[in-house]
Amino acid sequence: MDLDFTAEEQAFRKHVREVIRGELPREISDKVLQGRGLTKEDIECWQAILNRHGWLATTWPAEFGGPGWSVVERHIFNEECALASAPRIVTFGLVMLGPVLIKFGTKEQQDHYLPRILDGRDWWCQGYSEPGAGSDLAGLKTRAVRDGDTYVINGQKTWTTLGQHANWIFCLVRTATEGKPQDGISFVLVDVNSPGVEMRPIKLIDGSKEVNEVFFTDVRVPVTNLVGEENKGWTIAKYLLTHERTNIAGVGHSTKDLEKFRKLAAEIERDGEKVADNPLYAMRAAELEADLEAMRVTNLRLLADASSGAAEGHRSSLLKIKGTQIRQELQNLYRSALGSAAALDADDLSENELAVPVEAARAAPVYFNHRKLSIYGGSNEIQRNIVAKELFRE
Amino acid sequence: MDFRISEERQMLSDMLRRFWGNDPMLEARNAAVYEAPYQVPGVWAQLAELGVFGAFLSEDEGGFGGTAEDVVVVFEEAGRALSAEPLLGQLLVMRLLAGLGRADLLEEMVAGATRGALAFAEPALSVDLSRTAATAARRGDGWVLNGRKSAIYGGPGADVLLVTARTDAGLGLFLLRDAPLIEAAMVDGGGIAELVMEDLAAECLAEDAAPPVEAALDLGRIALCSEAVGAMDMLTAMTVDYLKQRRQFGRPLASFQALQHRVVDMVMEGEQARSIVIRAMASYGTPDQARHVAMAKNLLGRVAPHVAEEAIQLHGGIGMTWEYPGSHYAKRLVLLDHQLGDRRDHALRLMRMCAPDAGAVSRPVTARTPESQTA
Ligand SMILES: Cc1cc2nc3c(=O)[nH]c(=O)nc-3n(C[C@H](O)[C@H](O)[C@H](O)COP(=O)(O)OP(=O)(O)OC[C@H]3O[C@@H](n4cnc5c(N)ncnc54)[C@H](O)[C@@H]3O)c2cc1C
């Protein structure tokens with residue numbers, strides 16, 4: 001057994017680290033570090049930098065513009081991005097739709113859409129969830145009715161992340177009502193600027209506006225925007241979810257958050273001792289470090305299996321549950337470490353009025369925002385159902 | 001043994017529940033408390049009329065309550081209503097002024113015409129008052145203060161600010177009006193302030209007020225714990241309702257046993273929380289006060305955020321939205337643990353009290369005091 005990265009992998013890490021740290025603009029990484037909202041331009045700027053290096057669509061095959069990395073290299077890259085406080089890339093076009101088009105799309109669709117995802121001309125969002133269809137995605141009701149060469153779409157999507165920046169949305173729509181709910185679903189691409197599409201922001205618990213409701217009223221979409229076959233969208237949806245879960249453990253983010261905690265704990269004092277010396281905080285940090293180290297190895301074990309084609313689907317569910325638990329607990333610890341200062345809405349104070357380091361001032365809102373990790377991408381309860389189904393199969 | 005509360009307190013409780021117990025009030029709350037003046041217009045005066053501030057003082061002090069039970073009743077209802085009115089600051093200041101015999105100021109406070117806030121915490125001070133870094137020095141006939149105070153609950157808009165600072169005699173207590181506060185919203189709504197003092201002139205109320213400040217803070221902790229109990233009750237009930245209504249996979253979410261069990265744990269923790277608050281309330285003013293208050297604040301600091309997290313999770317995406325009232329309850333239940341010492345501060349307090357050299361380790365549960373018998 002050998003848990004070390006190979007010499008080539010270590011050289012790879014060194015290289016991507018240098019490039020990322022050299023090119024990521026400071027004002028953008030500061031915003032990420034401080035938990036402040038990124039503008040559309042911030043995200044586009046970072047994605048353009050990655051695209052110049054050919055590092056944007058890390059899961060795409062080389063012939064479509066991917067970097068041709070192994071799963072381990074991809075893992076290293078993701079980790080380095082998190083450690084450098086780089087913005088998360090917008091996954092909808094790059095991680096979700098891209099691989100779907102590569103597998104299920106027509107040549108025309110691939111030629112048209114893929115380059116536009118890479119160069120940033122198109123910003124995609126994901127239209128899966130509906131008010132009545134969350135965990136039970138197959139219960140979706142948004143209808144697409146064929147009328148000659150077009151579909152006419154009516155219904156509503158919700159929780160659409162960063163839809164406010166998007167010009168395209170990929171949707172699961174109902175094209176048939178007979179048979180099992182899963183059998184009447186199709187995967188269509190909708191221009192957000194079509195007549196009849198309306199996007200309304202949803203304000204979240206932390207005051208942020210990152211998700212939206214999308215209303216469709218008699219929206220006409222050419223049938224050429226169908227991906228794969230009509231009524232076969234469920235297969236695509238499931239394929240896409242496996243891609244959604246590739247970086248699911250968030251080991252890089254947790255590593256960064258633990259590092260942030262240790263830095264903060266060494267700086268701030270409470271009741272006569274550094275928080276770092278407070279046995280209760282130190283103990284919790286030590287426990288989480290142990291959890292994270294185990295998660296790091298679990299993640300690598302899964303990656304090794306994936307490289308050899310032996311990955312079991314339900315183990316990625318375990319990765320999602322534990323990975324998000326660790327991330328959320330680290331947010332919890334970080335927020336707690338601030339004591340009474342965490343209660344102040346940092347947006348009301350100037351930097352020199354803060355009683356705490358500026359990168360910690362938004363700890364409480366960021367903690368609340370991170371509660372989403374266990375809800376989206378298939379909630380942690382749904383992940384448990386997946387594992388249980390596998391374990392207790394007759 | 002009798003766990004019923006007195007008739008008068010029951011009346012106060014019922015009155016407050018009627019006053020606060022409607023949804024439009026919560027809407028008004030969420031529209032008002034995240035920006036200045038951090039209060040719902042008109043509510044403060046109505047609370048005074050209902051006798052809330054009178055309940056913070058004994059008859060001798062000019063009120064009709066003044067016990068820990070009165071405080072528990074008021075704050076539980078405030079918690080159920082998710083009130084962000086600056087009740088905590090008012091309570092702390094009224095108790096301190098009452099101890100100092102400042103009837104002149106109290107009358108106005110009972111009437112709600114004067115609002116108070118206490119500045120005791122500092123960037124590096126949570127619960128151990130002996131670590132106070134702010135200093136007071138005589139200057140001419142008066143005093144000047146130096147240092148930084150943090151997390152002043154209800155600071156914005158307060159007429160009277162009490163400030164702790166070190167004197168030669170111990171922990172001095174000072175009075176400021178028109179203090180140059182740095183004001184902000186709390187993450188869960190309501191006003192909070194910081195104060196940077198550079199030779200700030202202040203009136204000295206006491207050159208050593210450490211014991212009364214400790215006593216007031218312990219009462220404030222009981223108040224916060226009771227507020228948490230009220231808010232937990234509401235949020236748990238909202239979660240039960242939601243699970244019954246929300247259907248996925250062709251059935252109500254409430255029919256999934258995995259979710260039922262999670263709610264059962266929330267209810268169980270709510271019961272534990274209520275019990276430890278009763279314990280602390282009954283011990284207030286007895287030798288067990290510090291121990292039981294620390295237990296309460298530690299226990300609530302663990303279970304209240306847990307209930308908040310579970311409620312958000314069990315609601316799914318809806319629980320993450322600003323529009324859903326439950327999310328604001330969840331924020332309150334988490335931020336409560338950041339006030340007047342968190343679960344770890346109070347665990348340390350308990351650990352020290354239980355250490356072999358603290359002499360407390362084998363102390364039997366004390367006999368009931370006259371005060372707890374009336375509870
Ligand atoms: C911040 C955020 C961003 C999002 N972004 C997007 C996006 O861009 N595009 C998109 O399409 N969707 C998005 N989502 C939606 C997300 O995928 C859903 O919220 C998620 O699928 C859960 O659905 P729901 O919110 O309707 O909760 P529900 O399905 O109503 O679930 C409520 C609770 O019940 C539990 N539950 C449900 N069924 C079961 C069961 N059978 N057994 C046990 N427990 C169960 C759930 O785990 C949850 O705890 C986002 C959500 C959030 C919060």
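What percentage of the 375 residues in chain B is buried? Buried residues account for 61% of them, where buried means under 20% relative accessible area, exposed over 50% and partly exposed in between, with a 1.4 Å probe and protein chains only. This is a predicted model, in which local features need pLDDT of at least 70, side-chain atom pairs count only at pLDDT 80 or more, and totals for chains, interfaces and linings use all residues. Residues are numbered from 1 along each chain as its sequence is written, chains are lettered from A and ligands numbered from 1 in the order in which they are written, and side-chain values use heavy atoms, with hydrogens and water left out.

**View 1. Chain B as a whole.** Chain B contains 12 helices and nine strands; these are DSSP runs numbered from the N terminus, helices being H or I of at least four residues and strands E of at least two. Its radius of gyration is 21 Å, which agrees with the value near 21 Å for a compact globule of 375 residues. That radius is taken over C-alpha atoms, and the globule rule is 2.2 Å times the number of residues to the power 0.38. Along the principal axes, the C-alpha atoms of chain B fill a box of roughly 80 × 50 × 40 Å. Of the contacts in chain B between residues at least 6 apart in sequence, 75% join residues at least 24 apart, a contact being heavy atoms within 4.5 Å.

**View 2. Chain A as a whole.** Chain A has 12 helices and 10 strands. For its 394 residues a compact globule would have a radius of gyration near 21 Å, and the 22 Å of chain A agrees with this. The box filled by its C-alpha atoms is roughly 75 × 55 × 50 Å along the principal axes. Buried residues make up 55% of the 394.

**View 3. The nonpolar cores.** A nonpolar core is a set of buried Ala, Val, Leu, Ile, Met, Phe, Trp, Tyr and Cys residues joined through side-chain atoms within 4.5 Å. The largest has 149 residues, of which B:Trp20, B:Leu162, B:Leu300 and B:Leu333 touch the most other members. Helix 7 (residues 210-245) of chain B gives the most to this core, with 16 residues. Leaving aside residues up to four places away in sequence, B:Leu300 touches partners including B:Cys225, B:Val229, B:Met232 and B:Ile276. A second, separate core of 71 residues includes A:Val19, A:Leu114, A:Ile117 and A:Leu137. In soluble globular proteins, nonpolar side chains tend to be buried together.

**View 4. The surroundings of A:Val32.** A:Val32 sits in helix 2 (residues 26-34) of chain A. A:Val32 counts as partly exposed because its relative accessible area is 27%. Beyond residues up to four places away in sequence, A:Val32 touches A:Leu38, A:Ser85, A:Ala86 and A:Pro87. From A:Val32 to A:Asn332 the separation is 300 residues in sequence and 18 Å in space, C-alpha to C-alpha.

View 5. B:Ala36 and B:Pro37 are joined by a cis peptide bond with omega of about 5°. B:Pro37 belongs to the loop between helix 2 (23-32) and helix 3 (43-50) of chain B. A:Asp271, although not a glycine, has a positive phi of about 50°. A:Asp271 lies between strand 9 (269-270) and strand 10 (273-274) of chain A, in a loop, and counts as buried at 14% relative accessibility. B:Leu340 is not a glycine either, yet has a positive phi of about 55°. The loop holding B:Leu340 runs between helix 10 (325-335) and helix 11 (343-354) of chain B, and B:Leu340 is buried, with a relative accessible area of 3%.
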